[in-house]
Amino acid sequence: MPAVQDTIDRVRKIDVDQYKYGFQTEIAVDKAPKGLSEDIIRFISAKKDEPSWMLEWRLEAYRRWLTLEEPTWARVNYPNIDFQDIYYYAAPKSTPGPTSLSDVDPEILKVYEKLGIPLKEQEILAGVQKTDASEFEEASDNVYKSGRVAVDAVFDSVSVVTTFKKELAQAGVIFCSISEAIREHPELVRKYLGSVVPASDNFYATLNSAVFTDGSFVFVPKGVRCPMELSTYFRMNEKNTGQFERTLIIAEEGAYVSYLEGCTAPQRDENQLHAAVVELVALDDAEIKYSTVQNWYPGDAEGKGGIYNFVTKRGDCRGDRSKISWTQVETGSAITWKYPSCILRGDDSQGEFYSIAVSNGYQQVDSGTKMIHLGKNTSSRIISKGIAAGFSQNTYRGQVSAHRKATNARNFTNCDSLLIGDQCGAHTVPYMEAKNSTAQFEHEATTSKISEDQKFYVMQRGIPEEEAIALIVNGFVKDVIQQLPMEFAVEAQKLIGISLEGSVG
Amino acid sequence: MNMHTQPQRTPAETALIDAFGDRLSLLPGDGAVMLKRDDAIEAIKHGLPTRRIESWHYTDLRRLLNAVPDFDPAAAAKAIAPIVDGSTVLSLLNGVSNAKAPTVEGVSVQRLSEKLTDGSIAPGLDPYGSDDAIGALNTAFVADGYFIDIADGTELEKPVELQNLQAGGQTHVRLPVRVGSGAKAVIVERQAGEGAALTSSVSQLVLGEGAEVTWLIVQEQPETATHLAQFKAHIGKNAKLTLFVMNAGGKLVRQEIMVRTTGEGADFKLRGINLLAGDTHTDVTMVLDHAVPHTTSTEVIRNVVTGKARGVFQGRINVHQYAQKTNAKMACNTLLLSDDGEFSTKPELEIFADDVVCGHGATVTEIDHDHLFYLMARGVDEKSARGLLVKAFVAEVIEELDDEAIIEALEARLDEWFVTHG
């Protein structure tokens, strides 16, 4: 059946020409010359004051990248990218590495204010400025006070500020920009960087390894439950720049961390490239929860401009009983090419992927996940919902595989898609590979999966059919939304409000 | 950026290209047919598909096809009894049709070699795309087959069984079948033989308005054979096609199924069982195009994997932009019974129309322990209990066919497989 009117209206509200974050800000910037060469990489590395091993690592990745070809297997079309026509480094001039918010260019602060980062975050940003000292005391007796978020704000190529650092340090948590981590904690970075997504992994990850400029670094030591949500907010401002951030999160034995990421960019006619790499490492009994609200500029109603979002995200459940959970709400970008994955290496480890992807205008989304079962008794769960409207193409592409030794591997996959209008397309491309006879994989892609029993149960209590379905659907969708931290849940709620009536597999 | 250099030809590629040169003078066909053959061999000269070609992702033909037997003029295949008594048998022995084929009222049967010689079959010889290696291989080498035309309104009482039997060497056959409007028929395609043969077989079916056809593919090649097959069908207005595929043999098997609904009200049913043993590599790949509004389809594939077998099912349902009110459902269930076996599946949906109901499901599991317990608690020993459950798992698909004689015949084939491999 076709989509219901309510759904159509809700999707229209987030249509491409309704993009709220498209403003740009005039800020003096320090840029590397256009183009890519070993010299540019040396320039970036020098700017960041990096040790020589880091430069070597970058150069090696660059040489590797020169031998690679752009992947073409995804269901996305775009003109050839001229990699020499991009600025690989752009940093606001007035901030050569601020330590607190008061050092940050007020123009940049205004940007973040204008972006409508959830209100709570803004209060906290303000709070840092005012009560830096008192907060320290307060923190010591109430580290688990909920609702606070530490933010790392990345503006073009550099991290401009990281909040709550002191309080986090007290708990033993390191949260800083990756450039700082390379300088301050080289032993940790060296140990883990590239251990999940090797420098030679794929075309875009390799490019990122060569030229990444900033990103966040999180280290949660053994047995520590991170006292607050951590968050990074990415903003691409400068024209013709590419953003290449690198995020590395390590949770040691028994640690827990919840991390969220948001992103926006100005409205421009040219396409901009964003090629990030995110690596997660969970050791024994650790848990990492990674949430994304991706709202890069999607291009205008004619498909002009927008961000090319080519991202490699991968989590390694390295320890036994570890857990990694990805939650993503994707509404932006002209092109999305992203498959947050879990390598379930430790015995009894768990991987989760919850995704809602809404495409509109001429957006192209090719997203999904990979669950690679290597350890014994590993389990994974995939819930994906794609909504395509306008002239967009929305593809779910996922892989679930069990290796020879992955006894008792379990997977459940459910992906639904919804089409609004007959000019768009929805596609499902799941790959299932079982090499172990005790593996149990289930994949389904229908909406008729609301069980008759459930419906009967609700209707029997005098609730009309339509309301009964809505009730059940809402209950089901809650599973996804509950994975998001409070701060983003509200934003995502608007999207989830979209009924799934009329969806197809 | 590095340059992709043309890799060295594999021995199999070289053998195919050389064989074409040797066979050329013996292949039937007029100018038009010969042009198609030249194009096809050119495609093979570019290399057999590798896993980098998406449609061959799980069957790297270039790597897996490591030996190509020579053509063997001395090979003598023997005709076998049809699976349903009283069927009209049209046999192809080592790729050669019978000059004195039996006749049935309302059915015209021609030898394909004649149609190739006069060129009337030439338009149908084009491969469907650059990744159609089986189509290209067959077009290059096809020498014979049957061209069958079932007249409008004909209702066949007994099945027509097309036997493609070989005894080593290479055979390349083609079976174009047209079923007129309102006609009804059951057609059995038998693929069997002995020896380490290479077989390519392409069936092309066109269903007229309101025609109803049940087509059974029973593939029981020896464990040494390479079997590359294609089944293509166009289903016309209000026509119904039930395709049943049973794969129970072969070393390297690829069965492609390309179906297109071309008229409103068309209905397609695919039921398949893959019984995989030894070290077979069996790939069933389906592409179904819902090209017009109001058409329906259901596909159910059941796989049993034992030994070191590798199984693949790829199923893609394309719903075209104007194909509103499409209803398509696909399920692929696999029982993985050995630790050395593996199964990969890729059920795809490509949907461009918004008012449709489409779904797919796929599972890979071992035998349900509760079921096993239930039977064993009743005194059935474990081996028999497992046997019963596995058989029930696949027999369920056969029982959906509503023709007693056919169900019995297929269950007999199933029993035979379980006797040798159970």
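1. This note concerns a predicted model, and it starts with a strand pair in chain A. Strand β16 (residues 341-344) of chain A lies parallel to β13(A), and the two are linked by 4 bridges. Within this pair, A:Gly315 has A:Cys342 of β16(A) as its bridge partner.

2. β13(A) deserves a point of its own. The strand spans residues 306-317 of chain A and is mostly covered, with 12 of its 12 residues buried. Three further strand pairings of β13(A) are described in the next two points.

3. Strand β10 (residues 271-274) runs parallel to β13(A) and is joined to it by 4 bridges. A:Leu273 finds its bridge partner there in A:Tyr308. Strand β11 (residues 277-282) of chain A is also parallel to β13(A), with 6 bridges between them.

4. A:Tyr308 has A:Ile335 as its bridge partner in β15(A).

5. For chain A as a whole, the model shows 13 helices and 24 strands. The chain has 505 residues, of which 55% count as buried. Among contacts in chain A with a separation of 6 or more, 84% are between residues 24 or more positions apart.

6. The largest nonpolar core has 223 residues, and the residues with the most contacts inside this core are A:Val218, A:Ala251 and A:Val257. Helix α5 (residues 133-141) of chain B contributes the most to the core, giving 6 residues. In general, nonpolar side chains in soluble globular proteins tend to be buried together.

7. Which residues does A:Ala251 contact, leaving aside its neighbours within four places in sequence? The contacts are A:Val220, A:Tyr256, A:Val257, A:Ala282, A:Leu283, A:Ala286, A:Glu287 and A:Ile288. A:Val257, in this list, is also one of the residues with the most contacts inside the core.

8. The contact between the chains draws 35 residues from chain A and 34 residues from chain B. On the side of chain A that touches chain B, β23 (425-434) and β24 (440-445) each supply at least two residues. β23(A) provides the largest share of that side, namely 10 residues. Sorted by class, the side of chain A that touches chain B holds 16 nonpolar, 13 polar and 6 charged residues.

9. β23(A) also takes part in a strand pairing across the two chains. Its partner is strand β18 (residues 342-351) of chain B, with 6 bridges in the antiparallel sense. In this pairing, A:His427 is placed opposite B:Glu350 of β18(B).

10. The last point concerns one residue of chain B. B:Leu16 belongs to helix α1 (residues 11-23) of chain B. Is B:Leu16 buried or exposed? B:Leu16 counts as buried because 22 other C-beta atoms lie within 10 Å, and the cut-off for buried is 20 or more. Not counting residues up to four places away in sequence, B:Leu16 touches B:Ile44 and B:Val68. B:Leu16 and B:Asp70 are 54 residues apart along the chain, and their C-alpha atoms are separated by 9.0 Å.

How values were computed:
Residues numbered from 1 in each chain as written. Chains lettered and ligands numbered in written order. Predicted model: local features only at pLDDT ≥ 70, side-chain atom pairs only at ≥ 80, totals over all residues. Contact = placed C-beta atoms within 7 Å. Nonpolar A, V, L, I, M, F, W, Y, C, P; charged D, E, K, R; others polar. Pairing = 2+ DSSP bridges. Core = buried A, V, L, I, M, F, W, Y, C linked by C-beta atoms within 7 Å.
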